Structure formats: C-alpha cells, structure tokens
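Subject: Structure for your review

Dear colleague,

Please find below the sequence and structure that I am handing over to you. A summary of the findings follows them.

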Amino acid sequence: GLGHKENRLLRKQRMFSRDLFYYVAMVVDLFLRFSWCVTLVPGISIFFGEGYAMYLTLVLAVLEVLRRTMWSLIRVEYEHLYNTQGYRRVEYIPLHFDPPTEENEDKSKPKWAVLIELTIFVLLVTGISFMALVNPPDD
C-alpha cells in the first residue's frame, strides 16, 4: 500500500518505470490543490495589478483542470493494475442493448414499458421547457 518504507511512499506495482513521475505528481498536486486559496485573499489585485486578477482566476482554473486530468490518469493506471490482477475480473458485463441471454433474459423490461418511460420523460421535459418559456423569470 501507500506509505510503506520498502516502496518509498509508492505502490508496489507501477506502470511508469520512473518513480520521479509519481513524486512530481505528489508535489504538483499539493501545490495546485492549495493554489485556490490565493483567490480568497481580498487584496490580491495589489500584488498582480487591477487587470490581472481575473487572469489569475483563469490560470488557476486551467491548472485545476490539468491537476484533475493528472490524477484521473493515475486512477486509470491503478484500476488497470488491480483489474488485471484478478481482484475485480468479470467474464461478462451485460449492457442494455445486448441480445437476451440466459443470464439476463428474465431481468429485462418489456419493450412497451421502456417506450412508456421514454414518452413520459419526453413529455415531462417538453412541459418544463414550455413553462419556462411562458413564465420567464422576473428581473
């Protein structure tokens, strides 16, 4: 697991051969996770100038997207490693458009029930949209 001295704070099995990637990811995550605190400082325009405070917010938003992307890649790596080890291996995952088999034949809804649900959903969305157009919000 994480935090064991024999793995130097990393998992035992890793897909990237260089450990430096994981350590850089940890430091970058720590820095970017708390970088949003800068936007909470009331007098931030003193440090960056009047016009640059909004650019700082934009840059921090882009950095947050990159941080989340980085961790999603690491999460996909984790899931891949542990799914291929057999902990969560599944032979068959039924999908809603699969033809019926012996395993999922009794659990499927009749086609007319799905059609009724779809019709109710479309009517509900259309009704809410119509009411929003007829009664615009007061400004």
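I begin with one residue. Setting aside neighbours within four places in sequence, Asp19 is in contact with Arg8, Leu10 and Arg14, where contact means heavy atoms within 4.5 Å.

Please note that this is a predicted model, in which local features need pLDDT of at least 70 and side-chain atom pairs count only at pLDDT 80 or more, while totals for chains, interfaces and linings use all residues. Residues are numbered from 1 along each chain as its sequence is written, and side-chain values use heavy atoms, with hydrogens and water left out.

Asp19 is found in the segment before helix H1 (20-33). Helices (H or I, at least four residues) and strands (E, at least two) are DSSP runs, numbered from the N terminus. With a relative accessibility of 15%, Asp19 counts as buried; buried means under 20% relative accessible area, exposed over 50%, and partly exposed in between (1.4 Å probe, protein chains only).

The side chains of Asp19 and Arg8 form a salt bridge at 2.4 Å, N to O. This pair ties together parts that are 11 residues apart in sequence, because Asp19 and Arg8 both lie in the segment before H1. A salt bridge is a side-chain nitrogen of Lys or Arg within 4 Å of a carboxyl oxygen of Asp or Glu. Asp19 also has a salt bridge with Arg14, at 3.2 Å from N to O. Arg14 is partly exposed, with a relative accessible area of 25%.

The overall fold

The protein has four helices and zero strands, and its elements run α-α-α-α from the N terminus on. Of its 139 residues, 16% are buried. Among contacts with a separation of 6 or more, 44% are between residues 24 or more positions apart. The accessible surface comes to about 12200 Å², and 69% of this belongs to carbon and sulfur atoms. Accessible areas come from the Shrake-Rupley method with a 1.4 Å probe; for residues, only the protein chains shown count as cover.

H3 has 32 residues and reaches 47 Å from its first C-alpha to its last, close to the 46 Å expected at 1.5 Å a residue. The expected span is 1.5 Å times one less than the number of residues. The buried residues of H3 include Leu56, Leu60, Met70 and Ile74, together with the charged Glu64 and Arg67.

Arg67 has a relative accessible area of 8%. Asp29 forms a salt bridge with Arg67, the closest N and O atoms being 2.7 Å apart. Asp29 lies in helix H1 and Arg67 in helix H3, so the pair ties together parts that are 38 residues apart in sequence. Salt bridges that share partners join Asp29, Arg33, Glu64, Arg67 and Arg68 into one network. The structure holds eight salt bridges.

The nonpolar patch

A nonpolar patch on the surface has about 1100 Å² of accessible area together, and its members include Val38, Phe47, Tyr52 and Met54. Patches are made of residues with over 30% relative accessible area and no salt bridge: like charges are joined within 9 Å, and nonpolar side chains (Val, Leu, Ile, Met, Phe, Trp, Tyr) within 5 Å. Helix H2 (44-48) and helix H3 (53-84) each supply at least two of the patch residues, and H3 gives the largest share, five residues. Met54 lies in H3 and is exposed, with a relative accessible area of 57%.

Kind regards
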